[in-house]
Amino acid sequence: MRCEWCGITAHASCFGIIPPECKFGRLKNMILPPHCVRICSRNFSKQHCFRISETTNTESEENDDVDTVSAGAQKESQTTSSVDSSKQSVKIFDGNDAVKRNQYRLISVPRISKNEDVVEAALRAYFIPDDPHDYELQVYSQQVLVSEDIINRNGSMENTKSQSVFRESIPEAWVLRAKPKDCEVLKIFAGWLKLGVAYISISISKSSTVESVIKEVLLQLGRQDEDPQGFQLVEVYMGSKQVQRQTLTNQELLLEKLQEIRKMSLRQMNQTRFYIVENRNTVVQICLMVCGLPPQLKADEYMDLLQDHLAIKTHLVSVTHVYQGQGAVVLQISCFSEAERIYMLAKDTSINNKQLSAVIIPEVLTNKLAQECCPLLTFVNPKSGSLKGRDLLHNFRKLLNPHQVFELTSSGPLAGLHTFREVPYFRILVCGGDGTVGWVLSVLEEVRHKLTCPEPAIGIIPLGTGNDLARVLRWGTGYSGEDPYSILLAVDEAEEVLMDRWTILLDAQEAADSGKENGISEPEPPKIVQMNNYCGLGIDAELSLDFHQAREEEPGKFNSRFHNKGVYVKVGLQKISHNRNLHKDLKLQVDKQEVELPNIEGLIFLNIPSWGSGADLWGSDSDVRFGKPRIDDSMLEVVGVTGVVHMGQVQGGLRSGIRIAQGSYIRVSIMKPIAVQVDGEPWIQPPGQIIISVAGPKVRAEREEPFANQGENK
């Protein structure tokens, strides 16, 4: 017996002395307790409730299709066949569902075998510990779903006693079926009461309904005086990937239900239980977050938009929260079928050529949270780190509460921050590159005023190419498969540090008059971006832009740090002979003082002492003109580079950049279009002004303790 929350393991004989209450082990302070989460999950699978994207789920299902038993049996059968020609491999399907999916298991049997021997081997292949006499084989064919060509009636076939399954025309595939019965014994588990027995056995016939079974169960429990209408019979399918629950109607015939399940899949029947539970008249409240809407609209405008595209029913649906900057709304729905309809329809709907998405939002019962509980809100970019993010996503969903782990590709950071909006204390763990960290921080900045905990501490698992911020915070150069449990322990023990964040205003408006005179279209409107690491103009940004364009053309190739850095080297060599005279195209002001620029090709503003995958661009030499850089001093370091060769020397540790200035307010005047990049996101900026100033409150970042990171990698 093993607890999936704290990991405690005990033999069945010792299980009785273990307290029933779970203490959650060493991760207790960062786990969101399951009793503090409420979600109306009827009509929604685990994939929907835990926000598991369809692509990830499909890949997992495809991996499951390659059954280890089948693969092992196939290898064994091939080996056996090569050695012993008296045996033959046979495909066994366990029902109609397996036939449709072409999922089978191989068994190896002698060419001369009795029917019951093959049935017994088939049951062993599917780990079904039932009596072989209750099963039979059906010949697999194109009409298998309607075929009645049944064999193995255990000697009941005409003119047959112990006939071999195999004749001259040997079928290579069979469907294992359960023999139909007129009555069965059904096990009913009591989910609402601890009994001295694990279950109650009820005999059912063709006329047995759910209502009659409930009455019989109450009779055996000595509760026959209670109203049967106050109870329900729930079918629970405990598959390897999800648990599905279905409430049965009172007039449903149970024997037909069992036969229907067995016809679809014998394994499914083996993993299905029936529970009797008390009726609870709870108010239906499903919360859906719909993302991908046009930004900066009002609540009633969003409601009209949803009515036009999703035909929502206003008497069942209301808008509870609006995130205008993100183009997202939260809907409260009082009908399961309406919630399911909106959820499925949103995935196939686009507005202004932008795909909508919908995620189910759980409710966190903050009044039940322990005072010392500080749950870890985890964001994972599954596409980062050579797809290592997908492995972390799977592991964190097992180690933590799945409702506190969010996949960024499905709804971005907003769904997680909204779920935790009323949690008094929580921390954030971001698994991704510097761009992913910046994305989470920018959304946090936008919705900070709506959070009960407006300044959560943030830890990082580096999955990107550069990972400069993670290096500064001692989380290593990149994740390389460390134990996820050890990572969570390190996050729990990390120290908090403050880090500056900067606002960059990019305003091309002053160039409008000259632009019109030169026949150029009107410049872009002003925009504001946030900076955490560094901002570059010139050659540094040009390399980032070329890399970005190459990745956009062939995204499938950019799934390893080694390949990504190779592309950086390639685009750098292509620009090694370019001469831009950047200092002639820019004017720099630092703290309202004009600063003369030297002959440089790139201008970089540093917030952290790590640039371009760990290079120290500012340098460690002491200089009386400047103070020692810190990530919390509200100062930016202004550095210049003379070209690609200079950048390569900095990367190799042979030189540092050209120190130009330090300051807290930067103004750059641009005379001609120039490449600009902020935290690795590049674009071409038209002539105008760039103003950099300190943003609101400092970021509370988590830095790993020095003793836990002796080397460069964790």
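Student: Which residues does UniProt list for "domain: Phorbol-ester/DAG-type"?

Tutor: Residues 1-22, in an unreviewed UniProt entry. UniProt positions follow the numbering used here, feature names are shortened, and annotations may be inferred rather than shown by experiment. The span is 0% helix and 0% strand. Helices (H or I, at least four residues) and strands (E, at least two) are DSSP runs, numbered from the N terminus. The end C-alpha atoms of residues 1-22 lie 13 Å apart.

Student: What do the values rest on?

Tutor: This is a predicted model; local features need pLDDT of at least 70, side-chain atom pairs count only at pLDDT 80 or more, and totals for chains, interfaces and linings use all residues. Residues are numbered from 1 along each chain as its sequence is written, and side-chain values use heavy atoms, with hydrogens and water left out.

Student: Why is Met238 called partly exposed?

Tutor: Its relative accessibility is 33%. Buried means under 20% relative accessible area, exposed over 50%, partly exposed in between (1.4 Å probe, protein chains only). Therefore Met238 counts as partly exposed. Across the chain, 48% of the 714 residues count as buried.

Student: Where does Met238 lie, and what is Met238 in contact with?

Tutor: Met238 lies in strand β9, residues 231-238. Leaving aside neighbours within four places in sequence, Met238 is in contact (heavy atoms within 4.5 Å) with Val243, Gln271 and Arg273. The C-alpha atoms of Met238 and Gln268 are separated by 8.2 Å, at 30 residues apart along the chain.

Student: What makes β29 and β30 a pair?

Tutor: Two strands pair if DSSP finds at least two bridges between them. Here 5 bridges join β29 (residues 602-606) to β30 (residues 636-641), so they pair, running antiparallel. Ile604 has Val639 in β30 as its bridge partner.

Student: Which strands make up the open sheet, and in what order?

Tutor: The sheet has 6 strands with antiparallel pairing, in the order β31-β30-β29-β26-β33-β34. β31 (658-663) and β34 (681-685) are the edge strands, as each pairs on one side only. Neighbouring strands are turned by 20° against each other on average, direction ignored.

Student: Which helix packs on this sheet, and at what angle to β26?

Tutor: Helix α18 (residues 539-553), touching β26 (534-538), β29, β30, β33 (674-678) and β34. Its direction makes about 95° with that of β26. Axes are lines fitted to C-alpha atoms, for helices over the stretch in contact, and angles run from 0 to 180 degrees between N-to-C directions.
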